[in-house]
Amino acid sequence: MTDLSESTEQLVPQHGDARPDEVMTIAASRLLEDGKVLFAGIGQPLVAAAIAKRRQAPRLTVLLEGGMVGIELMPGELPASTNEVRAAVGAEMLTSASDIFLMAQRGFFDYGFIGAAQVDAYGNVNTSVIGKADAPTVRLPGPGGANDIASMCNRTVIVTAHERRRFVERVDFVTSPGHLRGGSSRQDAGLRHGGPAWVVTDLALLDFEPGSRRMRVRSLQAGVTLKQVVGATGFELVVHEDLGHLPPVTDDELRVLRHLVGGPEETA
Amino acid sequence: MTGRLATLDADAARTDLESWSRSAEDKLVPTAEAVAALVPDGALVGVGGTNHARTPMALLIEVLRQGRRGLTLARPLSCFEAELFIATGAADRVMTSWVGIGHGWGLATVLRHCVEKGLVAYEEWSHLGIGLRYKAGAMGLPFLPTVSMLGSDIDSSLDLAKVRCPYTGQLLNAVPSLNPDVALLHVQRADRQGNAQIDGYELMDADVALAARRLIISAEEIVPTEVLKMDPARTVIPSFAVDAVVHQPYGAYPHECYGHYEADLAEFAEYVRSVKADGIDGARAYVDRLLGFADHDAYVAAAGSERLAALRRTAEEMMPR
């Protein structure tokens, strides 16, 4: 059971200047190891990848669903789409969109980063509809490449703001498969490989409990309590027995991120 | 409405092809003529490019101008061109993995309205799902197996058939082929016979071209075949797959064409402003404005030479060097 008693341990505060979305993006960037291959999406995943390439993972290969392999991100020139010229700058290879996904199916891609409108206790992601599929309250943009990324990459990383309305026991619609209904249900459905490995939020780093495959709090972001995380989650979380805190965002991480985004530091 | 219902028998598409002449004659025609001859009411239209890259905007606007009805649009990722079709009732069905403009532009208002009110049929696929539909169509096969969509609600909504590998027993989704009634593509260069080259990211366009039962290509440049022969590996669409060729500089405008011009975000903002102000009526008003121009050249010219020069300059600056 989740223990909500406050730790007597002194909380190390988060970097005083870092916004929640910046904390999340930087935490995601730290997961990326040098020499690996990342299937990224537009926005925070791409920024996280670019930070990693400028720090611990200079030989990280980043690719996008538009067919771009081995791209660089131009500071201040973030693409709005995975299918545009800003997303192709510095590419080592340009191939067809279908070929990119078929490479994913072949098993070449170590990580796949996706976002979520809703994510549930088993890491299933919804970006399709809020409400009923045939009569939705809100029609969302859809999977884009996310269903394929979640089905095919070796490790899916879900990057999303930690909010109770997003973290639900069961998503309204499984756009991108996680561990489905837990246990071996993902494998039983024919997805023999991959699955969500990490969920990165502005409040915590989460993984999935072996066996049950339910989401588990692995580490808290600096300055965040377990009570805050539980309060922002709409289902019962498993808590890792060795729960600790992630190190605060550093000045250098924040500087690199803002340089890439062309953000406040430039205008301050 | 399920994926199976949308399947066109790949073998029937082959029979159709055998009875259809596409010899290597001069196929260069005016836009209006190509669309009048090859895009009928009720057609399933394969739209080339993806999101706001190499969208065949000149051809699509001509389809709107000619008042087609009952179309289905199929595209891996759709941008606001899909909204122009559903807002005006030109299309009543969309087959795609995504609709929107891009990061930072918010949800697609008109699509939301039409889907939430049940005014259009929306068929959601994975990105590779669309890609394999075209690839199967291009290969002359009725389906292709994949792990894409397995276990998801996309799978159950489409009611996809499953296959087991006859050798290993592995469970796979059987994605049905798609041979669009007509496909519209925009490319960087083509010859008058329809041999076409794409620079940069090809997306799914070579498969779309080979799968399509009828194909119109618009090109930034029409070049002598000798020019294509200098770099034949870049030719991804053979003349024998093409029915009509249209010469249209800025043919993807206001979307981008790799190496030629980047997307005109000011024009995107114009559309979004119109929709924010008046919802679906704003989208209709935007289409009325488009159709108020005599042709695509006039629409492009209205952007002004300074703005166009800036779009070209950025596109050039982003090229490999």
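**Figure 1. A parallel strand pair in a sheet of chain A.** Strand 6 (residues 118-120) of chain A pairs with strand 11 of chain A in the parallel sense over two bridges, where strands are DSSP runs of E of at least two residues and helices are DSSP runs of H or I of at least four residues, numbered from the N terminus, and two strands pair if DSSP finds at least two bridges between them. This is a predicted model, in which local features need pLDDT of at least 70 and side-chain atom pairs count only at pLDDT 80 or more, while totals for chains, interfaces and linings use all residues. Residues are numbered from 1 along each chain as its sequence is written, and chains are lettered from A and ligands numbered from 1 in the order in which they are written. D120(A) stands opposite V168(A) in strand 11 of chain A. The open sheet has three strands in the order 7-6-11 (chain A), with mixed pairing, and its edge strands, strand 7 (125-126) and strand 11 (167-168) of chain A, each pair on one side only.

**Figure 2. Two helices of chain A that cross.** The axes of helix 1 (residues 20-30) and helix 2 (residues 44-54) of chain A come within 8 Å and cross at roughly 55°; axes are lines fitted to C-alpha atoms, for helices over the stretch in contact, and angles run from 0 to 180 degrees between N-to-C directions. In helix 1 of chain A, residues including M24(A) and A28(A) meet residues of helix 2 of chain A, among them V47(A) and I51(A); contact requires C-beta atoms, placed from the backbone, to lie within 7 Å.

**Figure 3. An antiparallel sheet of chain B.** Three strands form an open sheet in the order 5-7-6 (chain B), and the pairing is antiparallel. Strand 5 (143-146) and strand 6 (161-164) of chain B stand at the edges with a single partner strand each, so one side of each is left without a neighbour in the sheet. The twist averages 40° from one strand to the next. Strand 6 and strand 7 of chain B are joined by four bridges, and K162(B) stands opposite N173(B) in strand 7 of chain B. Helix 6 of chain B lies across strand 5 and strand 7 of chain B, running at about 145° to strand 5 of chain B.

**Figure 4. The side of chain B that touches chain A.** Here 53 residues of chain B are in contact with 45 residues of chain A. Helix 6 of chain B gives the most to this side of chain B, with five residues.

Technical notes:
Contact = placed C-beta atoms within 7 Å.
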